[in-house]
Amino acid sequence: KNKTQARRRRRNAKLDGENIPSYKEFVHRFTVLSMYRGFLKSIQKMPHNQMELNDQVRREFRAQQHDSDPFSIQRAVAEGKRRLEELQEFTGEVNKYENSWINIQDPDDPRGRVGQGWPWSKT
């Protein structure tokens, strides 16, 4: 009930010059919230331990909530992005090797050609 009241107060609060976030703060907030939502969405696809994983993500984000050191914040965001990408790969949402050069089908350069017909090889 207190959370709902706090949300209403924030939503209904008049914006004055002091409460308007800068563009950088807005983008940072958007990045963190989208990362948090991404974790929750990926966890739903896990076959087990969903509640424990949700609690762990919540704890991790809450632990960093009041961090004010720019370097520490940047490091936490980078670590979060890395972990989210790892979780998405694990759940099959994203395959970072899908568009790899390894998968390119080039008729002029078929696979297995390495070492055949090279100019310095003895014929």
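This is a predicted model: local features need pLDDT of at least 70, side-chain atom pairs count only at pLDDT 80 or more; totals for chains, interfaces and linings use all residues.
Residues are numbered from 1 along each chain as its sequence is written. Local features need pLDDT of at least 70, and side-chain atom pairs count only at pLDDT 80 or more, while totals for chains, interfaces and linings use all residues; side-chain values use heavy atoms, with hydrogens and water left out.

View 1. Along the sequence the pattern reads α-α-α-α. Helices (H or I, at least four residues) and strands (E, at least two) are DSSP runs, numbered from the N terminus. Of the 123 residues in the protein chain, 13% are buried. Buried means under 20% relative accessible area, exposed means over 50%, and partly exposed lies in between (1.4 Å probe, protein chains only).

**View 2. Helix α4 covers residues 70–91.** This helix has 22 residues. From first C-alpha to last, α4 reaches 31 Å, close to the 32 Å expected at 1.5 Å a residue. The expected span is 1.5 Å times one less than the number of residues. After α4 comes Gly 92, with a positive phi near 85 degrees.

**View 3. Which residues of α4 are buried?** They are Ser 72, Val 77, Gly 80, Leu 84, Leu 87 and Gln 88. Seen down the axis of α4, these buried residues fall within an arc of 135 degrees, so they line one face of the helix. The arc is that of the directions from the helix axis to the C-beta atoms. An α-helix has 3.6 residues a turn, so residues three or four places apart point the same way. On the other side of α4, Phe 71, Gln 74, Arg 75 and Phe 90 are exposed. The cover over the buried residues of α4 includes α2 (23–44).

**View 4. Helices α2 and α4 pack at an angle of about 30 degrees.** Their axes are 10 Å apart. Axes are lines fitted to C-alpha atoms, for helices over the stretch in contact, and angles run from 0 to 180 degrees between N-to-C directions. The two helices are therefore roughly parallel. Angles under 35 degrees count as roughly parallel, over 145 as roughly antiparallel, 65 to 115 as roughly perpendicular and the rest as oblique. Residues of α2 that meet α4 include Thr 31, Met 35 and Gly 38.

**View 5. Ser 42 sits in helix α2.** Is Ser 42 buried or exposed? At 0% relative accessibility, Ser 42 counts as buried. Beyond its neighbours within four places in sequence, Ser 42 is in contact with Leu 84, Leu 87, Gln 88, Thr 91 and Glu 93.

**View 6. Ile 73 lies in helix α4.** Its relative accessible area is 23%, so Ile 73 is partly exposed. Ile 73 and His 28 are 45 residues apart in sequence. In space they are 9.7 Å apart, C-alpha to C-alpha. Leaving aside neighbours within four places in sequence, Ile 73 is in contact with His 28, Asp 67 and Ser 68.

**View 7. Helix α3 (residues 50–63) packs against α2.** The angle is about 165 degrees, with the axes 9 Å apart. α2 and α3 are therefore roughly antiparallel to each other. Among the α2 residues at this meeting are Tyr 36, Leu 40 and Gln 44. Those from α3 include Leu 53, Val 57 and Phe 61.

How values were computed:
Contact means heavy atoms within 4.5 Å.
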